[in-house]
Amino acid sequence: MNNELRSKLDRIQRTALVVGVIGAVLLAWGFTADRQQFYRSYLYAFTCVAMFGLGSLVLTMIHYLTGGFWGLAMRRQLQAGIRTLPLLAVLFIPIAIAVVTHPEHAAEHAEGGHEGVFWLYQWTDSALVAHDHVLHHKAPWLNVNAFLGRTILYFVIWIALGFSILRAAAKYDETGDPAYAKRARYISGPGVLIFALTGTGAAFDWMMSLDPKWYSTMYGVIYMVGSALAVMAFGIVFASWVKDHEPFRGYVKGNMFHDLATLMFAMIMLWGYTSFSQGLIIWSGNLAEETPWYLVRTETTWQFVLIALAVFHFAVPFFLLLMRRIKRDSSYVVPVALLLLFMRYVDMYWQVIPVFREHLAPAWMDFVAPIALSGLWLAYFMSRLKANPVTSPYQEAAIHSALEHAHH
């Protein structure tokens, strides 16, 4: 890595770290002032930053299975994203604390229990579970020990998958032996299936169980597609940061932006399809257990967020990315990617917060928490990126071969 590129990455890292630390200090003050709001804002922020680590892992495995220039160009960024998975495990600790503890006034409701006393999840209140037959029926799955045990299992599996692929990739960079590339591909085959199961389980546990009486089999798919979309949008923004520096200058050009934008376009369509399908199926079924989740989000002031998602998360980027000129020119496609990154945060807000708040009324920690965690994640991401070579002779050879093939 040349000094000019390292200096630029250092500046980004320092800025992200300062923002993250300031945000963390404000959150610490918010924790003392309103602990319940802290936990709720923190959960929303965690689901946002988790997208980048999980999306990096699944896109890496997809690339090893399918190939393509886009993955070669993004490989170092995706690998750095995988290396942030241990940080995400650490960032989950406050949520774990919220699950195993109760508000201070819990004793006041110990006898009745029907009102519910909890920080995040209704099913953590044993008294409420005992008085609700639905929660009681789901208790073998939705209980503190099972929730924490599954979360630990998820992170162990993701970290094991990711770092196994990273080791094989590092060996390939050192030796150029194609056997190591095959090893990464062999891991990625079952890895994609395992990730689909664990990613769905995590989405069900962390977010869908906030409303334990509601369910959707599409929910995990929507979150995983959104995670891949967030990483692809971030990849375009990251490419714009490094395109004028070696070794990226040689291949971060119009063709690469076109390929990344085309994949981002496909993920926009997939996100729109899965999100609309979930809503359509629930609307057509019109079941009392399913519709309340949507009624809160469509019949109150939350409907304005839904309209914004339909317009700015789907319609606007969809039509903009139909134009080849926009996809090839970084000065056009980067604003589209930034818009999508912002709307991914809006989408997660719409997914999580209405469970706690019937009307759209953002709290200040709803803004501070995602900024703080995103700053800390980005700073750590940059440290992992700089700690490893940004390229290798064998990766450069593969990129040039892909470029020549694309040219022909």
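Which residues in helix 5 meet which residues in helix 8? Here are a few notes to get you started; keep in mind that this is a predicted model.

1. On the helix 5 side you'll find Ala96, Val99 and Val100, and they meet Val144, Phe147 and Leu148 in helix 8. Sorted by type, the residues of this contact come out as six nonpolar, with no polar and no charged ones.

2. Now for how these two helices sit. Helix 5 covers residues 93-100 and helix 8 covers residues 144-175; their axes come within 10 Å and cross at roughly 165°. An angle over 145 degrees counts as roughly antiparallel, so that is how helix 5 runs relative to helix 8. The crossing of this pair is left-handed.

3. Helix 5 also has helix 2 (residues 35-66) as a partner, with the axes coming within 10 Å and crossing at roughly 135°. Helix 2 and helix 5 are therefore oblique to each other. Their crossing is left-handed.

4. Who makes that second contact? From helix 2 come Tyr39, Tyr42, Leu43 and Phe46, while helix 5 brings Pro94, Ile95, Ile97 and Ala98. The tally for this contact is eight nonpolar, no polar and no charged residues.

5. Last, have a look at helix 12, residues 291-298. Thr291, Trp293, Tyr294 and Arg297 are buried there. Looking down the axis of helix 12, you'd see its buried residues fall within an arc of 155°, so they line one face of the helix.

Notes
Residues are numbered from 1 along each chain as its sequence is written. This is a predicted model: local features need pLDDT of at least 70, side-chain atom pairs count only at pLDDT 80 or more; totals for chains, interfaces and linings use all residues. Side-chain values use heavy atoms; hydrogens and water are left out. Axes are lines fitted to C-alpha atoms, for helices over the stretch in contact, and angles run from 0 to 180 degrees between N-to-C directions. Helices (H or I, at least four residues) and strands (E, at least two) are DSSP runs, numbered from the N terminus. Angles under 35 degrees count as roughly parallel, over 145 as roughly antiparallel, 65 to 115 as roughly perpendicular and the rest as oblique. A crossing is left-handed if the near helix is turned anticlockwise from the far one by less than a right angle, and right-handed if clockwise. Contact means heavy atoms within 4.5 Å. Ala, Val, Leu, Ile, Met, Phe, Trp, Tyr, Cys and Pro count as nonpolar, Asp, Glu, Lys and Arg as charged, and the others, Gly among them, as polar. Buried means under 20% relative accessible area, exposed over 50%, partly exposed in between (1.4 Å probe, protein chains only). The arc is that of the directions from the helix axis to the C-beta atoms.
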